[in-house]
Amino acid sequence: MEERTIMPTPGSDEIDLKDLIVQLWKKRKFILMVTGLFLLLGIFVAFTSPVSYTASCTVVPQTGQKGGSNLGGLASMMGVSLGSAMSGETLSPTVYPQIIKSVPFCREIMKTPITAEKSPNTPITLYEYYTDKQYQPKNLLKGVKKYTVGLPGVILSTVRKSSPVDEAPGAYTDSVTGKVISLTPKERSAISAIQQNILFESNPKDGYIKLGYTFAEPEAAAAIADNLFNTLEKYVKNYKAQKQQDNLLFVESSYTEARNDFLQKQGNLAAFQDANRGLVSAVARATERRLSSEYDIAFTVYNELAKQLEQAKLALKESTPVLTVIDPVVVPQQRSEPRRGVIMAAFLFLGLIIGMGWALTKPFVQDIVKKVSEVE
């Protein structure tokens, strides 16, 4: 029986909905078969995809410190107003993503000791896990993708391995120290894997960030996420301490200069008063007033810098948290990937759409092919 092509009704640009439904009903077996095949493919993908767990913590970064600390109260009793000097300058949370994805940061994360399923008694580093295939779980879907869709990449990587240029270590410049960091191909591969699995979410409205890591094993994921937080906290603390140390050195230098100037002005005034005791000339009185004014100015500068010096010293000693944990890292109990229900539903919907689409377009395609054949 020849299939009837759905064509627009005369005088109308629209296809009759009734004919459309009839066409789909005629092809229902084909649509169901295609949908079933895609559903089976979705089940295969869902149950062969690598399982991963995500461990994370929620922290509040310090943006400034209000008064009220013990050292601040003690300084107030001494007549010193610490103000914002106690909090020091901290890194803005907006630069945290650049920090945690940087090469030096990831190199520290590579050293994280973990206990893998294939090494239960001997802890290994994250670098060893990513570079030694014996510790990684085998995955059927990954192997199928590697030698089907990813076959061109496998061929290219084989060709590149034979090139001595590609075996040379990469070079990265540390923006903080200015030193050149050399990386081997294995280190580059491990750093790339770490960067892809780091989770960072920022909520500027509520003022908190979420930091985590996705890994194939739950206990190891928690250990890596905890080390991520500790390493980030160390970076932020070091930056804050360095700023406070630089400020202390600057204030100490200014204080020394002001003290020497004050002592000189004080000596000049005292020497003049001793040498001109009892004189009542206008020139002597004017000179004494000038020396006295210079002494007052020098004393004011010296006194203010002495206060700032105490502020800088107390700020350096003050230990304040720069990242406050409000939701600590825990070992995840449920996998984060794969989301099997979503995968199967997506493949089911895709199969239904493809089956219906082909059932509706096939008559048009056949008609076009037929007309082309007649013309030839």
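## A tour from a buried glutamate

Select E187 first: at 16% relative accessibility, E187 counts as buried. The cut-off for buried is under 20% relative accessible area. Keep in mind throughout that this is a predicted model.

Stop 1: R107 is partly exposed, with a relative accessible area of 28%.

Stop 2: Select E108 and K234. They form a salt bridge too, with 2.8 Å between the closest N and O atoms. E108 belongs to helix α5, whereas K234 belongs to helix α11, residues 218-275, so the pair ties together parts 126 residues apart in sequence. Are these side chains buried or partly exposed? E108 is partly exposed at 25% relative accessibility, and K234 is partly exposed at 38%.

**Stop 3: further down helix α11.** Select D261 and K265. Their side chains meet in a salt bridge, at 2.7 Å from N to O. Both residues lie in helix α11, 4 residues apart, or about one turn of the helix. Check the accessibility of each one. D261 is partly exposed, with a relative accessible area of 30%. K265 is buried, at 18%. How many salt bridges are there by this rule? The count is 5. As background, side chains of opposite charge can pair when their charged atoms come close.

Stop 4: Select residues 198-203, strand β6, and residues 208-215, strand β7. The two strands run antiparallel, joined by 6 bridges. Pick E201 next: its bridge partner in β7 is K210. Then go to the turn. β6 and β7 form a hairpin with 4 residues between them. What is the phi of G207, in that turn? The angle is positive, about 80°. While side chains are on display, recall that in a regular strand they alternate between the two faces of the sheet.

**Stop 5: the nonpolar patch.** Switch to a surface view. Select M33, L37, L39, L40, I43, F47 and L348. Together they make a nonpolar surface patch of about 640 Å². Where does the largest share of this patch come from? Helix α2, residues 28-48, supplies 6 residues. F47 is found in helix α2. Color F47 by accessibility: at 49% it counts as partly exposed.

**Last stop: zoom out.** Show the whole protein in cartoon. The protein has 13 helices and 8 strands. Of its 376 residues, 30% are buried. E187 and K265 are among the buried ones. Next, turn on contacts. Among those between residues at least 6 apart in sequence, 73% join residues at least 24 apart.

Conventions
Residues numbered from 1 in each chain as written. Predicted model: local features only at pLDDT ≥ 70, side-chain atom pairs only at ≥ 80, totals over all residues. Heavy atoms only, no water. Salt bridge = Lys/Arg side-chain N within 4 Å of Asp/Glu carboxyl O. Buried < 20%, exposed > 50% of the residue type's maximum accessible area, 1.4 Å probe, protein only. Patch = residues over 30% accessible without salt bridge, like charges linked within 9 Å, V, L, I, M, F, W, Y side chains within 5 Å. Areas by Shrake-Rupley, 256 points an atom, 1.4 Å probe, with all protein chains shown as cover. Contact = heavy atoms within 4.5 Å. Pairing = 2+ DSSP bridges.
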